[in-house]
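Please keep the sequence and the structure at hand while reading.

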Amino acid sequence: MQKTVRNALLLLAGACLAVSVGLGIFLRPPLKSDVLPGTETPVLTCDGGSDYTLVILADESVPLNRLDPLVRMTRKSGGTSHILRQTDDLEPVRKFADRSESATLLFTYGKSWENALGLLDSSDSIASTVILSPSGDYDPEGLSIQSPVMLLGTSSDQAPTSQRLAEIYNRLSGEKIAPNGLSYTSQSGNYRLRVVSASLDAYQTFSDDTLQAVSDWYEDSAGVRMGDPGAGSLLRLASWALGIGGLLLLLVMLDRLLSEEMLDVGYSLLTLQVTSPVRYSVLKALSCLPALALLLIPALIFLFIPLPGLAPIPALFCGYFGCLGLFSLLLIRLGKMPGVTGSLSFSAANPNLRRVLTGLGSFAAVLLISLMLHFSGLYTLRFSLDRLPAFLLCGIAAALGTAGWLYDAMLLDQCKFPLPLRLCLELLPFLPYAGLAFLAIPAFGFTGFYTVILLIGALAVDLLLARLLRLILGTVWIPSAVSGLLLGIFAAFAAL
């Protein structure tokens, strides 16, 4: 019966992952490489009809998955979308709009709004424009813009803030409004300022409220009615939930399976023994306090000497995890861990070919599923040389944290505590992450909160993978290095 249940759960994990992949493919609009009609400018085009044309300006820093909902809406309503990545020279867009027989709408996201305003200056060839989340310090003064323009943001935006949106609006319209920090709308002539409320999917920028605001503006200002976004946001959330849930379930079931078939306490742990479970469990429950104290040292260093590419939230997240692991490793190495005898050893692994192949297969499966979630739009990987130091620091911290966690997990195995108590002792050291998640809201908006939640999910996957590799390879150090590599990549290069 136990084997039947295990096989059923493995099938369930596979089904969740398959449905997640299917939904991700279904939600991607059919984009193809093309050139802007009448020019030689390369674009990505989604042909949906000739009723109107939507030109989307978004440089390479903008993930395509964020543009998918808008492209689907355009295609559904008989319009054609052109996504332009090179936004420095927009003269081809002006020529295209001048010759176009149907209404040409403009949509900008991020930094491309600066050049877009220059394109609109003293020109009425663009029927209507939406500027979403403009970033940068550009000051739009002295422009003569004839066509309707809406400035759009959400109350959860980290940058720009509602204050910055209001400043740009006041410059363009001549108004003197002051934002209230909540959702609101203001309009003066051809200019509208709209801040929509934050929602669960607002970190994508394209929440349902945002899409509806875009659709309403184009209809009011240019008479173009866009398609309904439908259940795209819900389906994407379902895709992510099934993908993450399937991955975690798969790792848990593989861990149970390998615990039975490849049970190995690990060569590095042979000299350690728990003599007083109570004393050790008290230290384990309170370990977050010395870890936070240790974290103050690197936090103060990087506060006064900032490291390029090191974002605050991933730095604090990986830094605390590293300090937590370092504290445990130091106590074990020095023979000062309460209730534990023995010292830390550095014996090398000597697994057979079957174990090596099983470990490589497990790592490849996790990597493949992580890339699948990337392509589905859950997060975007942006590799760059300037973030390499951040990757190295976060990776080293994550490797230390994983090594400490693996030793603690095996020591807890010796204690043979009841499952509820075991889970409490495992989770208590990670309570500061809950504080980090809520403190991120006033500092970085809901984007910061979602970043912490996503990092917690990545950490859970990494720890399960590290436990699998420890069972397979019989050592702590290789799984710790692999886990540090993956979490370092995610902390330094992944973005919502």
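## The largest cavity

The residues K284, F321, L324, G325, S328, G401, G404, W405, D408, E426, P429 and F430 line the largest cavity, where a cavity is a set of points, on a 1 Å grid over the protein atoms alone, at which a 1.4 Å probe fits but cannot get out, and lining residues have an atom within 4 Å of a point. The model is a predicted one, in which local features need pLDDT of at least 70 and side-chain atom pairs count only at pLDDT 80 or more, while totals for chains, interfaces and linings use all residues. Residues are numbered from 1 along each chain as its sequence is written, and side-chain values use heavy atoms, with hydrogens and water left out.

The space in this cavity comes to about 70 Å³, a volume being the space filled by probe spheres set on grid points that are joined across faces, edges and corners; a search of the whole structure finds three cavities of 30 Å³ or more. Helices α10 (312–333) and α12 (388–415) each supply at least two residues of the lining, helices being DSSP runs of H or I with at least four residues, numbered from the N terminus. By class, the lining has five nonpolar, four polar and three charged residues, with Ala, Val, Leu, Ile, Met, Phe, Trp, Tyr, Cys and Pro counted as nonpolar, Asp, Glu, Lys and Arg as charged, and the others, Gly among them, as polar.

## Helix α8 against α12

K284 and D408, both named in the cavity lining, also belong to the contact in which P277, Y280 and K284 of α8 meet D408, L411, L412 and C415 of α12, contact meaning heavy atoms within 4.5 Å. The residues of this contact divide into five nonpolar, no polar and two charged. The axes of α8 (residues 277–286) and α12 come within 10 Å and cross at roughly 145 degrees, where axes are lines fitted to C-alpha atoms over the stretch in contact and angles run from 0 to 180 degrees between N-to-C directions.

## The second largest pocket

W405 and E426 of the cavity lining return in the second largest pocket, which is lined by 23 residues, with W405, L423, E426, L427 and L464 nearest its centre; a pocket is an open set of points with protein on both sides within 12 Å along at least five of seven lines. Its volume is about 820 Å³, and α14 gives the most to its lining, with seven residues.
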